[in-house]
Amino acid sequence: QILPVDNQLRGIYGYAADLGASKHKHSAWPSMIDFFADDEKRRQRWVRADFLNAYKRIETIISEDGAWQTPRNAKPKHSLTKTKASETVGCVPESCNEMLNLVKKISNRFSKLLTPEQSFPFVSNIQLPILNTYRLAVFNQLIEPAKNIKRDPLFHKETIRMLCVGANALLHIGIVLEEWAGEFVYSSIREYQLSTETLS
C-alpha cells in the first residue's frame, strides 16, 4: 500500500524531482523504497509479503476458467528459428501471459532497489517459485493428454490441442526469460550471484 502512494508522490506530484544528485539513484531525496531497502528486517518483510500475495495470485491464475485456453484467432508460428516473445504471445494460454505479467510486476518493484544484493531475494524467493509452480501446472495439464496418446494411437483433437498449449506455453516462457536476461537488473543480479558462488 505504501509503494503505490510513493509512486504517486513522485509521478503525479513531482516529489523531490529536481533537487540535484544524491546517493539515491532514483531521486534526490529518499523514497519509501529506500526505507524498506536500507533495513534488512523490513526488506525481509517486504519479500515475505510479496511472496504470499504472488503465491495466492498464481494459484488463482492457474485455476481460473479459461486458464488453459488460447485466443481463437491465434496463428501458431511454424518457424522457430528467429522467434521473439512478441510473435508467440498470442499462441499461449491466458494463464501463461498472466503469470509472466505477475513476474514482471515484481521485477518492476525491486528494480528500484539500490544493489543486486537487495534485489536477489525477490528473484530467488518469489519469481523462481512462481515460475516453478506454473511449470508444474503445465505438466499436470499434460498428464491426461499423455494417457490419451497411449489409449488412442490416432490421437484426439483435444489431446493435440492440450499438447500444443503446453508446448507453446513453455516455449514462450523460455523466449521471454531469455529476453529478460539481457536487461540490466537481471544481468547485475546474475553477476552478483556468480560472485557469491565464487567466494563460497
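**A colleague's note on this predicted model**

1. Let us start with one residue and its surroundings. Setting aside neighbours within four places in sequence, Tyr-134 is in contact with Ile-58, Ile-62, Trp-68, Pro-93, Ser-95, Cys-96, Met-99, Ala-169 and Ile-173. Please keep in mind that the model you are looking at is predicted.

2. Tyr-134 also leads us to the core. The largest nonpolar core has 38 residues, and those touching the most other members are Ile-58, Trp-68, Met-99, Phe-110, Ile-130 and Tyr-134. Two or more residues of this core come from each of helix H2 (32-37), helix H3 (40-63), H5, helix H6 (116-151), helix H7 (157-180) and helix H8 (184-199). Which of these elements gives the largest share? That is H6, with nine residues.

3. Next, the aromatic side chains. Across the whole structure there are seven aromatic pairs. One aromatic cluster is formed by Trp-46, Phe-110, Phe-122, Trp-180 and Tyr-186.

4. Ser-107 is in contact with Gln-127 and Tyr-186, once neighbours within four places in sequence are left aside. Ser-107 sits in helix H5 (residues 94-110). Is Ser-107 buried or exposed? Its relative accessible area is 3%, so Ser-107 counts as buried.

5. Now for the charged side chains: a search of the whole structure turns up five salt bridges. In one of them, Arg-109 pairs with Asp-50, and their closest N and O atoms are 3.0 Å apart. This pair links distant parts of the chain, since Arg-109 belongs to helix H5 and Asp-50 to helix H3, 59 residues apart.

6. A second salt bridge to find on the model is between Lys-104 and Glu-183, at 3.2 Å from N to O. Here too, distant parts of the chain are linked: Lys-104 is in helix H5 and Glu-183 is in the loop between H7 and H8, 79 residues apart. Lys-104 is partly exposed, with a relative accessible area of 24%, and Glu-183 is also partly exposed, at 27%.

7. Some of the charged residues are joined in a group. Arg-57, Glu-64 and Glu-98 are linked in a network of salt bridges. Within this group, Glu-64 forms a salt bridge with Arg-57, and the closest N and O atoms are 3.8 Å apart. Glu-64 is partly exposed, at 32% relative accessibility, and Arg-57 is partly exposed at 32% as well.

8. Finally, have a look at the surface. Where is there a nonpolar patch, and which residues form it? Val-5, Leu-9, Ile-12 and Tyr-13 make up this patch on the surface, and together they have about 450 Å² of accessible area. One of them, Leu-9, is in helix H1 (residues 2-11). Leu-9 has a relative accessible area of 39%, so this residue counts as partly exposed.

Key:
Residues are numbered from 1 along each chain as its sequence is written. This is a predicted model: local features need pLDDT of at least 70, side-chain atom pairs count only at pLDDT 80 or more; totals for chains, interfaces and linings use all residues. Side-chain values use heavy atoms; hydrogens and water are left out. Patches are made of residues with over 30% relative accessible area and no salt bridge: like charges are joined within 9 Å, nonpolar side chains (Val, Leu, Ile, Met, Phe, Trp, Tyr) within 5 Å. Accessible areas come from the Shrake-Rupley method with a 1.4 Å probe; for residues, only the protein chains shown count as cover. A salt bridge is a side-chain nitrogen of Lys or Arg within 4 Å of a carboxyl oxygen of Asp or Glu. Helices (H or I, at least four residues) and strands (E, at least two) are DSSP runs, numbered from the N terminus. Buried means under 20% relative accessible area, exposed over 50%, partly exposed in between (1.4 Å probe, protein chains only). Contact means heavy atoms within 4.5 Å. Rings of Phe, Tyr and Trp (its six-membered ring) pair if their centres lie within 6.5 Å; planes under 30 degrees apart count as stacked, over 60 as edge-to-face and the rest as tilted. A nonpolar core is a set of buried Ala, Val, Leu, Ile, Met, Phe, Trp, Tyr and Cys residues joined through side-chain atoms within 4.5 Å.
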